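Hi,

Here is the model I promised to pass on. Have a look at it first, and my notes follow below.

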Amino acid sequence: MAGEAKRPRIVLLGPPGAGKGTQAELLAGQLGVPAISTGDMLRRAVSSGTELGGKVQGIMASGALVDDATMADVVKDRLAQADAKQGFLLDGYPRTLPQAQTLEGILTGTGQELDAVLLVEVPEEELVRRAVLRGRADDSEEVVRERFRVYREKTEPLIGYYRARGLLYPIDGNLPVEKVTSQMLIALGVNG
Ligand code: AMP
């Protein structure tokens, strides 16, 4: 294709602590698309004391998920912004099957579609080790466990959903950061 290369629309999927946030920043930089982290957006809403922040603060602190309707509003608004019109990298959305359907609806409605879902795979023992090392004050062991439980129950079904659509690309996340990024670029067919 001559002229401007098409910028991809990507979803990053993976368990808590798999390194999605780090990879999202690196990959988005390489691809020239915005990294959109719903977790970061919600944390900003909490720290700036908006109505949304007040609504989600307790839910986030418990490790539970914010409801799908609230998240649909957040993501619709964000994807409608100019910088997301030509590609984006979503980190932390979708996290449930209804969210995946919402995303499909948003994109179809604007004549777009996803190009790839990168599944960052890390062995469970390594995830536990990372969670302990991180040891953020707000991450009690109980909350970490709850995040894993929620991931298994609500988010893992997305793997099959996207595999069935031919969009799923498993990536070994148990490698040095730059190796993970380069595998992602290879999966996307971009020369890294
Ligand atoms: P994250 O930084 O992606 O781990 O998100 C931190 C927290 O924000 C999660 O544990 C949820 O409480 C909330 N959150 C972020 N994204 C979503 C989403 N797509 N659906 C529901 N809750 C979300």
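Which of the 14 residues around the ligand come nearest? They are T38, R43, A64, G92 and Q99, where a residue counts as near if one of its heavy atoms lies within 4 Å of the molecule.

Some ground rules before the rest. This is a predicted model, so to speak: local features need pLDDT of at least 70, side-chain atom pairs count only at pLDDT 80 or more, and totals for chains, interfaces and linings use all residues. Numbering starts from 1 along each chain as its sequence is written, and side-chain values use heavy atoms, with hydrogens and water left out.

Back to the ligand. By class, its shell has 7 nonpolar, 4 polar and 3 charged residues (nonpolar: Ala, Val, Leu, Ile, Met, Phe, Trp, Tyr, Cys and Pro; charged: Asp, Glu, Lys and Arg; polar: the others, Gly among them). Helix 2, residues 38-47, gives the largest share of that shell, 4 residues; helices (H or I, at least four residues) and strands (E, at least two) are DSSP runs numbered from the N terminus.

- Q99 has a polar side-chain atom 2.9 Å from a nitrogen atom of the ligand.
- R95 places a side-chain N or O atom 3.0 Å from a ligand oxygen atom.
- V66 uses a polar backbone atom, 3.1 Å from a ligand nitrogen atom.

The protein buries 89% of the 480 Å² that the ligand exposes when taken alone (Shrake-Rupley, 1.4 Å probe).

Now the core. The largest nonpolar core has 30 residues, and L79, L103, L114, V117 and Y162 touch the most other members. A core here is a set of buried Ala, Val, Leu, Ile, Met, Phe, Trp, Tyr and Cys residues joined through side-chain atoms within 4.5 Å, buried being under 20% relative accessible area, exposed over 50% and partly exposed in between, with a 1.4 Å probe and protein chains only. Another core, of 20 residues, lies apart from it, with I10, A18, A24 and V144 among its members.

Beyond its neighbours within four places in sequence, L103 is in contact (heavy atoms within 4.5 Å) with V11, L79, L90, Y93, P94, L114 and Y162. One of those, P94, sits in the loop between strand 3 and helix 5, and the peptide bond from Y93 to P94 is cis, with omega near -5°.

Lastly, S47 belongs to helix 2 and is exposed, at 66% relative accessible area.

Cheers

Notes:
Polar contact = N/O pair within 3.5 Å; in protein donor to acceptor, adjacent residues only side chain to side chain.
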